[in-house]
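Subject: Structure handover

Hi,

Here is the structure for you to look over.

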Amino acid sequence: MTDPGLLASLEGQQYLVLRPTGPVGEFYRAEQTSLKSRLPEAVAHPHTGHVTLRGFSEPTRVHELKDTITAWARQQAPIEVRVEAVDGFPTPFQILIARLHRTASLVDAYGSLTSVLNATDLQRIGELPLDQWTFHMSLAYCNALSSDDWQETYANNSREVVERPSELLTVAEFVWYQNGSEHTERIALGIAAD
């Protein structure tokens, strides 16, 4: 990510994400490309496809946070992600998403991470209880559209995804924003120390 405004808005935040690159990643790229060709230029799009497992605000404890996540990842089995629909979050968010199926491994990952984080005082942002969380990959940020235009956009683009692309992810990515830059580190899943 290189947009200075977006980087500034994320300064001091950290995220644990999954970045599908196989069939789910291919579906995401094709769907986003198609949306870009049909939607107004005012609609913003994520730089890359990702599934956010957690957001944090720990600008002075990045290393402690990364150590906590790495310890969790060592115990976490690979995570299956599977697209089930192109859907959306309603007003005021107005985001088109690739909604993911609540696979057992994805639900387990979110739940086990919650348990680990509950034992710490790490500051989380945007977190919801597991039963309220919608696993997704954001495709287009449509909040610049009027409510009526959003309703039309949602109606014209939402659908079930019959082919249900899926993939098994063996790596998570820790992303942090510091000094106007995005930093990333890949963390293998399921590499428990002997």
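Below are notes on one glutamate and on the aromatic pairs.

Keep in mind that this is a predicted model.

Start with Glu 167. This residue sits in strand β8, which spans residues 166–169. Glu 167 is buried but has no salt bridge. The nearest side chain of opposite charge belongs to Arg 29, 7.2 Å away. A salt bridge would need the charged atoms within 4 Å.

What does the side chain of Glu 167 reach instead? One of its polar atoms lies 2.9 Å from the backbone nitrogen of Gly 22. The side chain also reaches the backbone nitrogen of Gly 25, at 3.3 Å. Beyond its neighbours within four places in sequence, Glu 167 touches several residues, including Pro 20, Thr 21, Pro 23, Ile 79 and Val 81.

Now the rings. The whole structure holds five aromatic pairs. In one, Tyr 15 and Tyr 177 have ring centres 6.4 Å apart and planes at 75°, so they meet edge-to-face. Tyr 15 is in strand β1 (residues 14–18) and Tyr 177 in strand β9 (residues 171–178), so the pair ties together parts 162 residues apart in sequence. Both tyrosines are buried.

Trp 150 and Tyr 154 make a tilted pair, 5.8 Å between centres and 40° between planes. Trp 150 is buried at 2% relative accessibility. Tyr 154, at 26%, is partly exposed.

Finally, ring pairs join Tyr 110, Trp 133 and Phe 135 into a cluster. Arg 54 lies over the face of Tyr 110, 3.9 Å from the ring centre.

Best wishes

Conventions
Residues numbered from 1 in each chain as written. Predicted model: local features only at pLDDT ≥ 70, side-chain atom pairs only at ≥ 80, totals over all residues. Heavy atoms only, no water. Helix = DSSP H or I, 4+ residues; strand = E, 2+ residues; numbered from the N terminus. Buried < 20%, exposed > 50% of the residue type's maximum accessible area, 1.4 Å probe, protein only. Lys, Arg positive; Asp, Glu negative; His and termini not counted. Polar contact = N/O pair within 3.5 Å; in protein donor to acceptor, adjacent residues only side chain to side chain. Contact = heavy atoms within 4.5 Å. Phe/Tyr/Trp six-rings, centres within 6.5 Å; stacked < 30°, edge-to-face > 60°. Lys NZ or Arg CZ within 6 Å of the ring centre and 35° of its normal.
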